[in-house]
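Reader: I'm new to this, so please go slowly. Can I ask how each label gets decided?

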Amino acid sequence: MNMYKPTHRGLLISLLLLLSACGGGKMTPVSDSTLGGLWTGTLTVNGVAHTAYAMSAETGELALLENDTASGFGAQYWGTISASTDQLSGSVNGAVLDQALPFSDGSFRGTGTVSGTIHQRSSITATIAFTTSLGTAISGQLSLAYDSSYEQASSLATISGNYTNVKTPGTDVLSISSAGDLTYTDPLTTQCMATGTVSIVNASYSVYAGELTFSNCNNAYAYLNGVSVQGLGNVDPGTSPKPLLFLMHGMVGGVDSPFALAFQGT
């Protein structure tokens, strides 16, 4: 499992959400009660488009992952969003996933707001106003398309099973029981162990909630001992090996830090 220390790079994105719609005759806004979704698209900063993937729960909690395949830069954002008619707004924290690849001003993290337009179960177009921890203002344009796989039902039976990390498969084991209990061991790299739980947010949709606490980590990773992280997850039971992604965050050394944890079924 890859455990990244936070850093942050140039944009912050968070968002997602859907709402608005219509009904017979003339267009009539619907309520903003539907906040959940899976979203894919781009986050463009200074003319460079990075891949963006986001998941959000019906509660308005959101997590967003940004990747630039050319440079290797990656950042994660987490926060909450809300909507009124077709207007969305929200606030996020963000941090880079690798301190060797910081934001453009050398910073590792920051905070921001997102505002724009959402077309329910279709698309999001938003502007992100992000300020790094060094005070640099960064503006990004977010363009996301809705992924209908969000409408797959979730269950503990669906997500349960044994997994290993995507980067070096077979070096660790993540197990999720049919009761939602999570255990993790990495005897070869970090020597970390972890325990936690996975729970259903809304059984009609495919976003899960997860939390775990690390222990027994070796010297290089000792900073993780006692760290608790929480966030959102998604699994695709129709793909083999079954992919599982958690976008979590937690306090490390007094700083809220990102944990993008990618696994595959064994």
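Reader: What makes something a pocket?

Author: On a 1 Å grid over the protein atoms alone, a pocket is an open set of points where a 1.4 Å probe fits, with protein on both sides within 12 Å along at least five of seven lines.

Reader: How many residues line the largest pocket, and which lie nearest its centre?

Author: The lining has 24 residues, and Leu65, Asn67, Leu245, Ala260 and Ala262 are the ones nearest the centre. A lining residue has an atom within 4 Å of a point.

Reader: Which strands each supply at least two residues of that lining?

Author: Strand 3 (61-67), strand 15 (243-252) and strand 16 (255-265) do. Strand 16 gives the largest share, 4 residues.

Reader: How do the lining residues of the largest pocket divide into nonpolar, polar and charged?

Author: There are 14 nonpolar, 6 polar and 4 charged residues. Nonpolar covers Ala, Val, Leu, Ile, Met, Phe, Trp, Tyr, Cys and Pro, charged covers Asp, Glu, Lys and Arg, and the others, Gly among them, are polar.

Reader: Why is the link of Cys192 and Cys217 called a disulfide?

Author: A disulfide is a pair of cysteine sulfur atoms within 2.5 Å. Here the S to S distance is 2.0 Å, so Cys192 and Cys217 pass. The angle about the S-S bond is 120°, and the link is right-handed. It joins distant parts of the chain, 25 residues apart: Cys192 is in the loop between strand 11 (181-185) and strand 12 (193-200), and Cys217 is in the loop between strand 13 (207-215) and strand 14 (228-235).

Reader: Why does Cys192 count as buried?

Author: Buried means under 20% relative accessible area, exposed means over 50%, and partly exposed is in between (1.4 Å probe, protein chains only). Cys192 has 1%, so it is buried. Cys217 has 9%, so it is buried too.

Reader: How accessible is Pro258, and where does it lie?

Author: Pro258 lies in strand 16. Its relative accessible area is 0%, so Pro258 is buried. Pro258 and Val96 are 162 residues apart in sequence, yet their C-alpha atoms are 7.8 Å apart. Tyr184, found in strand 11, has 2%, so Tyr184 is buried as well.

Reader: Is Asn46 buried or exposed?

Author: Asn46 has 72%, so it is exposed. It sits in the loop between strand 1 (37-45) and strand 2 (48-56).

Reader: What is the phi of Asn46 near?

Author: It is near 50°, a positive value in a residue that isn't glycine. Most residues other than glycine have a negative phi, and most peptide bonds are trans. Thr85 also has a positive phi, of about 50°. Thr85 is in the loop between strand 4 (74-84) and strand 5 (87-96), and at 33% it is partly exposed.

Reader: Is the peptide bond from Ser240 to Pro241 cis or trans?

Author: It is cis, with omega near -5°. Pro241 lies in the loop between strand 14 and strand 15.

Reader: Where does pLDDT stay under 50?

Author: Over residues 2-33. pLDDT is the predictor's confidence in each residue, from 0 to 100. Where pLDDT is low, the predicted coordinates should not be read in detail. The chain averages 88, and 88% of the residues score at least 70.

Definitions and conventions. Residues numbered from 1 in each chain as written. Predicted model: local features only at pLDDT ≥ 70, side-chain atom pairs only at ≥ 80, totals over all residues. Heavy atoms only, no water. Contact = heavy atoms within 4.5 Å.
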